Amino acid sequence: MILRLKNPLLVLGLVLLALAPAAAQKKSVPALSPVDLVNPLMGTDSKPELSNGNTYPAVAVPWGMNLWTPQTGTMGNGWAYTYTADKIRGFKQTHQPSPWMNDYGQFVIMPVTGKMKFDQDGRASWFSHKSETPKPYYYGVYLADHDVTAELTPTERAAQFRFTYPKSDSSFLVVDALDRGSYIKVIPGERKIVGYTTRAARSNPKNFKNHFVIYVDKPFTLARTFRGKTLAGKDSLELTSTHSGAVIGFKTVKGEKVHLKVASSFISLAQAELNLSRELAQDGFEATKAKARQRWTEALGRIKVEGGTEEQQRTFYSCLYRTLFFPHKMYEINAANQVVHYSPYTGQTLPGYRFAGTGFWDTFRALYPFLNLVYPGINKEMQEGLINDYKEGGWLPEWSSPGYADIMVGNNSASVVADAYLKGLRGYDIEKLYEALLHGANNEGPITAIGRKGAEYYNRLGYVPYDVKINENAARTLEYAYDDFAIYQLAKALKRPQAEVDLYARRSQNYRHLFDPATGLMRGKNQDGTFQTPFNPFKWGDAFTEGNSWHYSWSVFHDVQGLVDLMGGKENFVKKLDSVFTLPPVYDESYYGSVIHEIREMQIANMGQYAHGNQPIQHMIYLYNYAGAPWKTQYWVRQTMDRMYKPTPDGYCGDEDNGQTSAWYVFSALGFYPVCPATDQYVLGAPLFPKVTITLENGKKVEIEAPKNSAQNLYVQDLKLNGKKHDQNWVGHFELMKGAKLTFDMTDQPNTKRGTQDSAFPYSFSNQK
């Protein structure tokens, strides 16, 4: 019905009357806390052909030993949860860093009603995102086929479940220990289920078991075990098989809540019991939930953003949430209150810290530098864990899953170790870690992804040749050269012999061997010193890793000035950077035989050859600062944040990758980025928010103010550091650690004079005095 009123004053009065309550309501709504701004579903609308994050809703506490997720995928499928799925098959304890890496130590819990269906397809239930509540500390969903509301909330090594059942004479709980070897035992008198799973992907850990214990607060009227899809005999309440599981049953009244307390251990069932009693104690579901929420409130609250849009705040905190999971804790606290861990290298329980589930090829770039700035305490534990990796396995891991995984290239543990020490972390055996770095730098490991594949060629020729059947050789060379720089920096700090310092300084320049003056790009080189032919700079893979020459040619983090000189000076360098965005997104996928998802993500992004969805080029935008055009960094950083990130299921532009792609966003939103870990500099961009406050672990605060910041005012007119004019294109780590105030004067026009002098440029090895 359309109401027509001829009196305009009456119309105005009605409009104001209608708006008044809304305005009042808007004023009364409190600002959301950081934990409530997180969307755990960001990045879940993904598939193997196209990644918008390749994430799952991770329910855990920061760096917890265990994470939990609803499982929509089939058993063993790395895509455990996808946003477009219709059914949930169970709630999985997971340690999975990425679908490509898959999982280890997983098992599944699922409520069922009606018929006793226990296999993954039979027990699956339709669900809707409209009846789903994902939080970092809690997950709830309505399982339509079973008329059950399922809820879970975590601790570091334990969790609580609350299942609200309908009236039913046949209500069940299924515990699936999955295939590849598992054990289950039902103890009705104690209302308890125990077991273990040996399932692990991507590595071959010795004597690997994830032991679990589950207590149910309701007596069992039925108890059975199963092998695969077959029920065992009624008296078989203990079972070891390839694929073991259990079903318990009971009657329920409408709205009856059945509670589970669950814990696990990589050490033993007894340790799992201890983890449960220590972390859950006498707490009910709501108490555990409140404690988990508080853990997230404290962790996310280290960075307070003010202003900007709600979407920007949601994106920021969703990204910050993703930086706080991996590597996850694999250590436990024994009965004597000692820190101990299961070793995947020896199969034994040994003293000290250990972490797992991350790949340094991704995370050395921004994730670890971010920890060193905001959460150095946890990285100190991680460094101690690396010492144990080396002592027990003989090498530092480049990908831990939970043992050595044979994937990706580089020797980037050098960066992770050096950056932590050079940023001030202390209290662990750095000499042992330095020994590990030298061992990894000069030897091939038992698999290609530890030590250095092609080390003999690299140390003799200065590069890994193209024609010696070592794949991705140019990428290896460029990363080894940077890794040698990290060792050089650490060697200086540790006052190692000068000959040793000089050796790694020289090796850090090995990137020069691959620069082709004819194309102005990096190119594979043969053993005899000739460049590879034919050469297509748009060819993915081959000499490079998940990218092409246009992506990897910028991988000279430590000597951008050297690269500027090779490319013909600052003007040519800036033009070359510009070309990345203006070239068409053409590609040659012949090395892979098909279009890999990273290629597709670059192609559809409408940013030319800039492939932000993968790691090799993510720092490249910041390189304008080294050639006198910092306003172009400011422009492209904002473009990337605005266009490539959203707090939605399709919110990333490629694999999120263990916090790295999220750490890029978090750093960039703050207004600076660690282009070269193992130095103490952050290269400037421009902040996203009018105000950010970082509370450091030492109690100091970093305040970043940009009061005129807006969608239009994305350029830096002027910058003050602690009230004094700051003309450099970088800020120092230790300046920030003392507490600092950065005041950005933002404008809608680029300032083409600020930061153009050589004296303003960030560190480059070639500019050392």
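## Around Gly249

Gly249 touches Ser171, Phe172, Pro219, Phe220, Thr221 and Leu222, leaving aside residues up to four places away in sequence; contact here means heavy atoms within 4.5 Å. The glycine belongs to strand E17 (residues 244-252), where helices (H or I, at least four residues) and strands (E, at least two) are DSSP runs, numbered from the N terminus. Its relative accessibility is 2%, so Gly249 counts as buried. The classes used are buried for under 20% relative accessible area, exposed for over 50%, and partly exposed in between (1.4 Å probe, protein chains only). Gly249 and Pro188 are 61 residues apart in sequence, and their C-alpha atoms are 11 Å apart in space.

A word on the ground rules: this is a predicted model, in which local features need pLDDT of at least 70 and side-chain atom pairs count only at pLDDT 80 or more, while totals for chains, interfaces and linings use all residues. Residues are numbered from 1 along each chain as its sequence is written, and side-chain values use heavy atoms, with hydrogens and water left out.

## Salt bridges

How many salt bridges does the rule give? The count comes to 40, taking a salt bridge as a side-chain nitrogen of Lys or Arg within 4 Å of a carboxyl oxygen of Asp or Glu. One of them pairs Lys192 with Glu273, at 2.6 Å from N to O. This pair links distant parts of the chain, with Lys192 in strand E12 (residues 192-197) and Glu273 in helix H3 (residues 269-280), 81 residues apart. Lys192 has 9% relative accessibility and so counts as buried, whereas Glu273 is partly exposed, with a relative accessible area of 22%.

Another salt bridge brings together the side chains of Asp745 and Lys708, 2.7 Å from N to O. Asp745 lies in strand E36 (residues 740-747) and Lys708 in the loop between strand E32 (701-705) and strand E33 (715-721), so this pair ties together parts that are 37 residues apart in sequence. Asp745 counts as partly exposed at 26% relative accessibility, and Lys708 is partly exposed too, with a relative accessible area of 45%. Salt bridges that share partners also join Glu156, Arg157, Glu279, Arg295 and Lys329 into one network.

## Two helices packing

How do helix H8 and helix H9 pack, and at what angle? H8 (residues 376-393) and H9 (residues 413-422) pack at about 135 degrees, with their axes 11 Å apart. The axes are lines fitted to C-alpha atoms, for helices over the stretch in contact, and angles run from 0 to 180 degrees between N-to-C directions. H8 and H9 are therefore oblique to each other; angles under 35 degrees count as roughly parallel, over 145 as roughly antiparallel, 65 to 115 as roughly perpendicular and the rest as oblique.

H8 passes H9 in a left-handed crossing, meaning that the near helix is turned anticlockwise from the far one by less than a right angle, with clockwise making a crossing right-handed. The residues that meet are Asn379, Gln383 and Leu386 in H8 and Val416, Val417 and Ala420 in H9.

## Backbone details

If you like checking torsions, here are some places to look. Phe326 and Pro327 are joined by a cis peptide bond, with omega about 0 degrees, and Pro327 is in the loop between helix H5 (310-322) and strand E20 (328-329). A cis peptide bond also joins Ser401 and Pro402, with omega about -15 degrees; Pro402 lies in the loop between strand E26 (399-400) and H9.

Asn54 is not a glycine, yet has a positive phi of about 55 degrees. Asn54 sits in the loop between helix H2 (34-37) and strand E1 (67-71) and counts as buried at 8% relative accessibility. Asn337, also not a glycine, has a positive phi of about 60 degrees. Its loop runs between strand E21 (331-333) and strand E22 (339-342), and Asn337 is exposed, with a relative accessible area of 56%.

## The annotated span

An unreviewed UniProt entry lists residues 271-747 for "domain: Glycosyl hydrolase family". UniProt positions follow the numbering used here, feature names are shortened, and annotations may be inferred rather than shown by experiment. In the model, the end C-alpha atoms of residues 271-747 lie 58 Å apart, and the span is 40% helix and 13% strand.
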